[in-house]
Amino acid sequence: MSTREVFTDHLQAGVLLLPTMVVSLVFLYYPTVRAVGLSFYRASLAQGDVFVGLDNYRRLATSSEYLQSVLISVLFATCVVVGVMAVALCVSFLIHEITVGKGVYLVAVIWPYALPPAVAGLVFLFIAHPNIGIFTSYIEALGVDVNWFSHGPQAFVVVLIAAVWKQVGYNVIFMTAALGNVPESLTETAELDGVSRTQRLLRVYVPIISPTLVFLVIMNTIYGFFGTFPMVDLMTKGGPAGATNILIYDLYRTAFQFYEFGFASAKSVVLFIAVGLLMYGQFRLSDRYAYYGG
Amino acid sequence: MTDVTLQDVRKEFDGVVAVKNIDLQIPDGAFVTVVGPSGCGKSTTLRLIAGLEQATEGTIQMGNQEVTGVEPKDRDVSMVFQNYALYPHMTARRNITFGMKSAGDFSDEEIDRQVEEATAVLDIDDLLDRKPGELSGGERQRVALGRALVRDPEVFLMDEPLSNLDAKLRIKMRAELAKLHSEFETTTIYVTHDQTEAMTLGDRVVVMNDGRIQQVDSPQRLYDYPETRFVAEFIGDPAMNMLSVDISRDGTEYEAVGPTFRIPLPEADGLETAAGAQALLGIRPESLSVADSADRSSFPAEVTVTEPLGDSLLLECRTGDQEFKLHAEPRTAVEPGDRVALTVETERLHLFDPQTGEAIYHAAAAQSPEVTSTVDSTI
């Protein structure tokens, strides 16, 4: 895109940009810089800040609790991304294929996304509550002893299902839109050629909507690492025994329950860099595999 | 190869009738073109045959088998779309083979052999490793044709396959399609809004309007003996002129009488019933010519517009309050505003009922249609 002089006068342009810049500076860039700075201090409300160099990072590298949290987070985010996208792709494809009642199904799928995360967490807490949950008895009828308040892996799965359930709607919006853009004649050609439904989805639709899928992988990754905080907070508080203690929740506890701001800052810097690198990797991969036309 | 029969086929979309109970027989190996204005139901008819739409009423047969309600993939038809419908992320080769491989009815050797054969005919051997985005419009359409060819279907269905190409390429591809058909002799149904394509490609032309079949005939008979006013005006460019006239009878002599002209009508079927009533006189622009001097069959007109086309001079004229067009000799010295005498080739006149639009008389009908044509008149 060529640069175009919209404003004749820099002052005018500056004034219009000012509100956005102020908000970005105060609420985004300043805290980022401050957090990086803070990660080199032992900071507490009572005793003030003491410079400790790389001590916080050294502590992180040697903390087995933190390493477990890293593993849990990576596993959790991976499961969220894969789970959300697999479910959303199937649902979107079904909605795309049917001709009657599209709107109804779409609304039904999207509504969990429209709920505030805290409400969604609470709803799921009651749906799957070990004692009073309405799904619990059905699941127990299958021979599973539902006790995820004390059983780590179960807690992980329940939070995972809640996280997926909440995010599927968002993905379905994008996927149905992308599927709607696939030319009708491609579908018809495939039908005439006797290409099966699954083949049509995997060989025709998925490659064509791959740019949307790449976008969703990235959004879901961010969601998996950061956006699932309210569910963990409301349902398991990171427990039992750290089974759902994902990095973002761990970070929150360090900062706002134990008031170790310096240590928490170090954790947030690590998380920021890790997710940043991951996203960079995803972009590079997508350039190679996603089909952007041409 | 097979024949296709539509019987009393009707298609409604949410109360809108797209196809109104049509009957059509397409013989084995024929190249049939379906032509009509936008929204006349021609594409819907094609899609009904493909199975992409289900008929509301009526039956469709292929060979001896009724296919109404049969899945598209089980009808053994190939379709070529206006927008080519190539999978954008696949190479040309993969585009051609994808359907065959997915269907699983063909062995790999068979696929390779078919691809080789089809691509050689279409001259796209060099393009097979490219993706559609790297191909020109004509090349894409060739690949799409290749994909249709390799499956060796019973019926080819083509939905305005040349409409997205530029004029020159369209003429070239038109000739190639004709060549392909003479080579493979697969029953082909070709939908177009372009009458030239319809006339040049089709053994039979189906003219549709408003969900109904107006006429099915060989191109020349369609031109010479239009059965309705719609066909008369749709086929031929510029369209056939329609002048309101009264038919007068004097013994065995008939005349078409307008406010400013009296044109003698050669004796043929239909004149007797038309006599004494009003009718529309159909005259093709090339049946009119500028006369050197006025005589009994000539009439005066005023030239309003001249359009030199090079090989002829298209004149727009007015006589009384009726306007019409004619092809005059090129380099005829006339200017807008000139008054000229026009003569009519009376052997090429037509009369239509002003109310129903049906043809009541063709001057050339003296030569019996059965003699001029060997076309099977069932279609």
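This is a predicted model: local features need pLDDT of at least 70, side-chain atom pairs count only at pLDDT 80 or more; totals for chains, interfaces and linings use all residues.

Trainee: Which residues point one way from E9(B), and which the other way?

Mentor: First, the conventions. Residues are numbered from 1 along each chain as its sequence is written, and chains are lettered from A and ligands numbered from 1 in the order in which they are written. Helices (H or I, at least four residues) and strands (E, at least two) are DSSP runs, numbered from the N terminus. In E9(B), B:Arg204, B:Val206 and B:Met208 point one way, while B:Val205, B:Val207 and B:Asn209 point the other way.

Trainee: Are the residues of strand E9 of chain B buried or exposed?

Mentor: A residue is buried if 20 or more other C-beta atoms lie within 10 Å of its own, exposed if 12 or fewer, and partly exposed in between, with C-beta atoms placed from the backbone. Six of the six residues of E9 (residues 204-209) of chain B are buried, so the strand is largely enclosed by the rest of the structure.

Trainee: Which strands pair with E9(B)?

Mentor: Strands of a sheet pair through backbone hydrogen bonds, either parallel or antiparallel. Here two strands count as paired if DSSP finds at least two bridges between them. Strand E3 (residues 31-35) of chain B runs parallel to E9(B), joined by four bridges; B:Val32 has B:Arg204 as its bridge partner. With strand E10 (residues 212-217) of chain B, the pairing of E9(B) is antiparallel over five bridges, and B:Val207 is partnered by B:Gln215. The hairpin of E9(B) and E10(B) has two residues between the strands, and B:Asp210 takes a positive phi near 55° there.

Trainee: What is the order of the strands in the open sheet?

Mentor: The six strands follow the order E6-E7-E8-E3-E9-E10 in chain B, with mixed pairing. E6 and E10 of chain B are the edge strands, each pairing on one side only. Neighbouring strands are turned by 20° against each other on average, direction ignored; axes are lines fitted to C-alpha atoms, for helices over the stretch in contact, and angles run from 0 to 180 degrees between N-to-C directions. Within the sheet, strands E7 (residues 155-159) and E8 (residues 187-192) of chain B run parallel and share five bridges, with B:Phe156 opposite B:Thr188.

Trainee: Which helix lies across E6 and E7 of chain B?

Mentor: That is helix H4 (residues 137-150) of chain B, which runs at about 175° to E6(B).

Trainee: How many residues does each chain give to the contact between chain B and chain A?

Mentor: Two residues are in contact if their C-beta atoms, placed from the backbone, lie within 7 Å. Chain B gives 17 residues and chain A gives 18. On the side of chain B, strand E6 (77-80) and helix H2 (92-103) are the elements that give two or more residues.

Trainee: Which residues of helix H5 of chain A are buried?

Mentor: In H5 (residues 117-127) of chain A, they are A:Pro117, A:Ala120, A:Gly121 and A:Phe124. Seen down the axis of H5(A), these residues fall within an arc of 100° (taken from the directions from the helix axis to the C-beta atoms), so they line one face of the helix. They pack against helices H4 (102-114), H7 (152-180) and H11 (229-235) of chain A.
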